[in-house]
Amino acid sequence: MDFRDVRFRITAVAAAVMLAAGFLLYLRAGASGHEPYRGPLASPGTPATEPGGTRRIALNTEPADYPRLRALGYDLVDVKPDDALVAGVPDGMRAMLWVGNFTCGDFELDFGSFTRAVQRFGRNPKVYGWYLSDEPNPGECPEITKEIRRRADYIRQHAPDQISFISLTDWPMKTLTPDRVGVDLVGLDPYPCKGSAEAQERCDIGAIDRMVRMAEAAGIPRSRVAPVLQTFGQSCSSGDKQYWLPTREQFREILARWDRLAPRPPLEISYSWGHQDEWACPTLSDATGGDHPDLQSLLKARNKAG
């Protein structure tokens, strides 16, 4: 047999083995629609605040929700910078003002309107801070970094006792660190229960480690990280069908992993309380038991414990 024939047959066999292995991996990932993270775990974190120092917010709420939120131990609500809405925040709660954008979209307020809002609410004791951007993507719109920096700088100058906040997903982070854009806190939103709209046996808890490691490699201090907890699914959404509402046991795993990586953070976020037609349904507002897992009682115990 010619040596070239032998080499060809060996190459063909190796290619076939690699193709088969790849196909098996595809089938395994396709069974849930998501390949779990199998990389290194993130190192444990150290507490960022004193006991009881964590602020807690559930996003996408309305004034009618405030009594329920207070009963569950939440002390922040998200509102737009409107006099009546800010005045309507109950005693014992404060406002996170939504003035941001999503990925590369337009900001809620142009810069002139933003500066006027900061001048109006920058000394208001009911205001905790400013939500400047949700999942900005500097890979597609590098100019977003400069705009966030401009707004964070304005808050620091004119609302020095209030915080500036952005929330990141697993897109490029190096240009969005607190040092580079001047924000106080950075949310990280790995959603581990992914791959199906119907509940599966396991969530990809390692996805939390993956994103924390990404943030650390980018230069985001662990003490500035605000965990974003998955309290939504998509079984009744009108758009994506990629996520399911965690079961109680799965949610305990999510909380335990965050407690290992970012214990006692300055801010902890539940996404989402209210429905969002395309992205979030069911949500935490539904998670009372019966047709959906009772996540509210878990969060109430957590929030009340400080």
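Student: Which residues of the largest nonpolar core touch the most other members?

Tutor: In soluble globular proteins, nonpolar side chains tend to be buried together. In this predicted model, the largest nonpolar core has 63 residues, and F114, W130, L132, I166, L188 and W258 touch the most other members. A core here is a set of buried Ala, Val, Leu, Ile, Met, Phe, Trp, Tyr and Cys residues joined through side-chain atoms within 4.5 Å; buried means under 20% relative accessible area, exposed over 50%, and partly exposed in between (1.4 Å probe, protein chains only).

Student: Which residues does the second core include?

Tutor: Among its 18 residues are L76, M96, I163 and A226, and this core is separate.

Student: What should I know about the numbering and the model before going on?

Tutor: Residues are numbered from 1 along each chain as its sequence is written, and side-chain values use heavy atoms, leaving out hydrogens and water. As the model is predicted, local features need pLDDT of at least 70 and side-chain atom pairs count only at pLDDT 80 or more, while totals for chains, interfaces and linings use all residues.

Student: How many helices and strands does the chain have?

Tutor: The chain comes to nine helices and 10 strands, taken as DSSP runs (helices H or I, at least four residues; strands E, at least two) numbered from the N terminus. Of its 306 residues, 48% count as buried. Contacts are heavy atoms within 4.5 Å; among those between residues at least 6 apart in sequence, 71% join residues at least 24 apart.

Student: How do I read the largest pocket, and which residues lie nearest its centre?

Tutor: Rolling a probe the size of a water molecule over the atoms shows where empty space is left. On a 1 Å grid over the protein atoms alone, a pocket is an open set of points with protein on both sides within 12 Å along at least five of seven lines, a cavity is a set where a 1.4 Å probe fits but cannot get out, and lining residues have an atom within 4 Å of a point. Here the largest pocket holds about 1,200 Å³, the space filled by probe spheres set on points joined across faces, edges and corners. Its lining has 43 residues, with F102, D134, E135, Y191 and Y271 nearest the centre.

Student: Which element gives the most to that lining?

Tutor: Helix α7 (206-218) does, with three residues. β2 (76-79), β4 (127-134), β5 (163-168) and β8 (267-271) each supply at least two. By class the lining has 23 nonpolar, eight polar and 12 charged residues, where Ala, Val, Leu, Ile, Met, Phe, Trp, Tyr, Cys and Pro are nonpolar, Asp, Glu, Lys and Arg charged, and the others, Gly among them, polar.

Student: What lines the largest cavity?

Tutor: The structure holds one cavity of 30 Å³ or more, and the largest has about 30 Å³ of space. I57, L59, M96, Y131, F165, L267 and I269 line it; by class they are seven nonpolar, no polar and no charged.

Student: Is E135 buried or exposed?

Tutor: E135 counts as buried because its relative accessibility is 14%. This residue of the loop between β4 and α5 (143-158) has a positive phi of about 55° although it is not a glycine. R264, in the loop between α8 (248-261) and β8, also is not a glycine and has a positive phi of about 45°, but R264 is partly exposed, at 33%.

Student: Where are the cis peptide bonds?

Tutor: One runs from Y271 to S272, with omega near 5°, and another from C281 to P282, with omega near 5°. S272 lies in the loop between β8 and β9 (288-289), and P282 is placed in the loop between β8 and β9.
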